[in-house]
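Please look over the sequence and the model before reading on.

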Amino acid sequence: MSYMDRKNILKEGLIDKIITKLITKPILRRSTKFMGMVGDLNDAIEELEKTANAELKKDNPKAKKIKISKYRI
């Protein structure tokens with residue numbers, strides 16, 4: 001079978017990836033309400049990270065810091 005076989009393309013989710021890249025993400029980027037909520041989520045993640053690192057430092061000063069990645073669109 002060829003890698004360009006219709007069934008393989010559907011199985012790999014190529015069409016879903018194209019729709020996500022071309023339609024869904026640009027619509028979400030233009031939504032100020034959604035982007036504001038993402039910003040609030042990132043602020044909460046940052047606060048959680050600081051609190052967790054403070055607790056770790058209190059228990060073990062040599063503990064490795066926790067790094068939580070922020071949500072991006």
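In which segment is the place of Arg-72? Arg-72 sits in the segment that comes after helix 3, and the model in which it is placed is a predicted one. The chain as a whole is built from three helices and zero strands, so the reader may follow it by its helices, using the cut-offs of under 20% relative accessible area for buried and over 50% for exposed.

**Overall form**

- Read from the N terminus on, the elements of the chain follow the order α-α-α.
- The chain has a radius of gyration of 20 Å, whereas a compact globule of 73 residues would have one near 11 Å.
- The C-alpha trace of the chain spans about 60 × 35 × 10 Å when it is taken along its principal axes.

- Among the 73 residues of the chain, 11% count as buried.
- The chain has an accessible surface of about 6,700 Å², and carbon and sulfur atoms account for 60% of that surface.

**Helix 3 and Asn-42**

- Helix 3, which covers residues 32–59, has 28 residues and reaches 41 Å from its first C-alpha to its last, close to the 40 Å expected at 1.5 Å a residue.
- The buried residues of helix 3 include Val-38, Asn-42, Ile-45, Glu-49 and Asn-53.
- An α-helix has 3.6 residues a turn, so residues three or four places apart point the same way.
- Asn-42 lies in helix 3, and it counts as buried because its relative accessible area is 13%, which falls under the 20% cut-off.
- When residues up to four places away in sequence are not counted, Asn-42 touches Lys-70 and Tyr-71.

- Arg-72 counts as exposed because its relative accessibility is 75%, which is over the 50% cut-off.
- Arg-72 and Asn-42 are 30 residues apart in sequence, and their C-alpha atoms are 9.0 Å apart in space.

**Helix 2: Pro-26 and Arg-29**

- Pro-26 has its place in helix 2, which covers residues 14–30, and Arg-29 lies in helix 2 as well.
- Pro-26 is partly exposed because its relative accessible area is 23%, a value in between the cut-offs for buried and exposed.
- Leaving aside neighbours within four places in sequence, Pro-26 is in contact with Thr-20 and Lys-21.
- Pro-26 and Ile-73 are separated by 47 residues in sequence, while the distance between them in space, C-alpha to C-alpha, is 9.0 Å.
- Arg-29 is likewise partly exposed, with a relative accessible area of 45%, and, with neighbours within four places in sequence left aside, Arg-29 is in contact with Met-35 and Ile-73.
- Arg-29 and Ile-66 are 37 residues apart in sequence, and 29 Å separates them in space, C-alpha to C-alpha.

Methods:
Residues numbered from 1 in each chain as written. Predicted model: local features only at pLDDT ≥ 70, side-chain atom pairs only at ≥ 80, totals over all residues. Heavy atoms only, no water. Helix = DSSP H or I, 4+ residues; strand = E, 2+ residues; numbered from the N terminus. Buried < 20%, exposed > 50% of the residue type's maximum accessible area, 1.4 Å probe, protein only. Contact = heavy atoms within 4.5 Å. Rg over C-alpha atoms; globule rule 2.2 N^0.38 Å. Areas by Shrake-Rupley, 256 points an atom, 1.4 Å probe, with all protein chains shown as cover. Expected span 1.5 Å × (residues − 1).
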